[in-house]
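Reader: Hi! I'm new to this one, could you walk me through it?
Author: Happy to, let's have a look together.

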Amino acid sequence: MAKKTLMAAVAITAVSFAVAEENALPQLQAYEVPEPWRTPVEPLQIAEHTWQIGTEELSALLVMTNAGAVLIDGGMPQAAEHLLENMRKLGLQPGDLQWILLSHGHADHAGPLAAVKRATGAKIAANAETAHLLANGGAGDIHFGDGLMFPPVTVDRYLMDGETIPLGELQLKVHFIPGHTPGSVAWTWHDRHQGKAIDVAYVDSLTAPGYQLLDNPRYPNLVQDFRFTFAKVRDLPCDLLLTPHPGASGWVYTDKAKQERVMDCKDYAVQAQRKLDEQLEEQRQQKKKD
């Protein structure tokens, strides 16, 4: 009799769970990205001081000097150990990393910075807008809300537009280019490539993926900021253009770093402006229909 009672209870419980599952809140979905964003690469030299140490389709630039190194962007949160290992392959100890900089505070670029900071003791420098996102681990993003979360990290130095980070023989200069995020920036520095002195420009994304461009209550001047940024990017010192998503500037990171489609900052800005204008027109037409 006890056995029959137990079997009945199990059956009732199973039915209850099935009903509960139908009425339950949906499962949380992880922040999933394309495989090339997660495919590690060996250290790839871009210029005399500049290396790509991230993944195939996310830049993580290591700028090496006689006084230590600077990391600009890191990729996804799970990339921390890969970055540290690539630094070791280049002969760096964790303490050799002096500064961590970034293009903007989204999870696919700032994701591993908290872990890298803990492992190296490097200082993070960013502007106030990006510092706010970093401290909140991506929460409260103007466009994505809490959808792109990553381990939070604090900033050690707040940057002003046009400021420089000196390290050894190099000076890395920051340029504020709001649009993709309010805190988006470009970085420029002098390097050498194929025996020639060059100006390197690492310029943030100029896209508005799914953004509300018209009458955006959280970012009323979004379009104006983009237009300001396009003009500013066109005039950057830019012999060699790099971007957080390498394909945006024609780069391929596999067994070596190569720019298959040569672009400069002017090309990058003009193409981005054309795409934004198309996106604006689509939203204007949709607004008329609504």
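Reader: How many salt bridges does the count come to?
Author: The count comes to 10 salt bridges, a salt bridge being a side-chain nitrogen of Lys or Arg within 4 Å of a carboxyl oxygen of Asp or Glu. Please keep in mind that this is a predicted model, where local features need pLDDT of at least 70, side-chain atom pairs count only at pLDDT 80 or more, and totals for chains, interfaces and linings use all residues. Residues are numbered from 1 along each chain as its sequence is written, and side-chain values use heavy atoms, with hydrogens and water left out.

Reader: Which side chain meets K89 in a salt bridge?
Author: That is E42, at 2.9 Å from N to O. K89 sits in helix α2 (residues 80-89) and E42 in the loop between α1 (2-23) and β1 (44-45), so this pair links distant parts of the chain, 47 residues apart. Helices (H or I, at least four residues) and strands (E, at least two) are DSSP runs, numbered from the N terminus.

Reader: What about D156, which residue does it form a salt bridge with?
Author: With K117, and their closest N and O atoms are 3.0 Å apart. D156 lies in the loop between α5 (128-135) and β7 (157-158), while K117 is in helix α4 (residues 113-120), so the pair ties together parts that are 39 residues apart in sequence. D156 is partly exposed at 41%, whereas K117 is buried at 16%.

Reader: Which residues are linked in a network of salt bridges?
Author: E81, E85 and R88 are. There is also a salt bridge between the side chains of R157 and E163, at 2.7 Å from N to O.

Reader: Changing topic: which residues of the largest nonpolar core touch the most other members?
Author: Of its 30 residues, those are I53, L62, L71, M87, L97, V116 and L134. A nonpolar core is a set of buried Ala, Val, Leu, Ile, Met, Phe, Trp, Tyr and Cys residues joined through side-chain atoms within 4.5 Å.

Reader: And where does the largest share of this core come from?
Author: From α2, which gives four residues. In soluble globular proteins, nonpolar side chains tend to be buried together.

Reader: What is M87 in contact with?
Author: Leaving aside neighbours within four places in sequence, M87 is in contact with I53, L62, L71, L92, L97 and V116. Contact means heavy atoms within 4.5 Å. A second, separate core has 28 residues, including I165 and W187.

Reader: Where is the place of I53?
Author: I53 is in the loop between β2 (50-52) and β3, and at 0% relative accessibility I53 counts as buried. Among the residues in contact with I53, beyond its neighbours within four places in sequence, are V41, P43, H82 and L90.

Reader: Last one: how many aromatic pairs does a search of the whole structure find?
Author: Three. Rings of Phe, Tyr and Trp (its six-membered ring) pair if their centres lie within 6.5 Å; planes under 30 degrees apart count as stacked, over 60 as edge-to-face and the rest as tilted. W251 and Y253 have ring centres 6.2 Å apart and planes at 35°, so the pair is tilted. W251 is buried at 8%, and Y253 is buried at 1%.

Technical notes. Buried means under 20% relative accessible area, exposed over 50%, partly exposed in between (1.4 Å probe, protein chains only).
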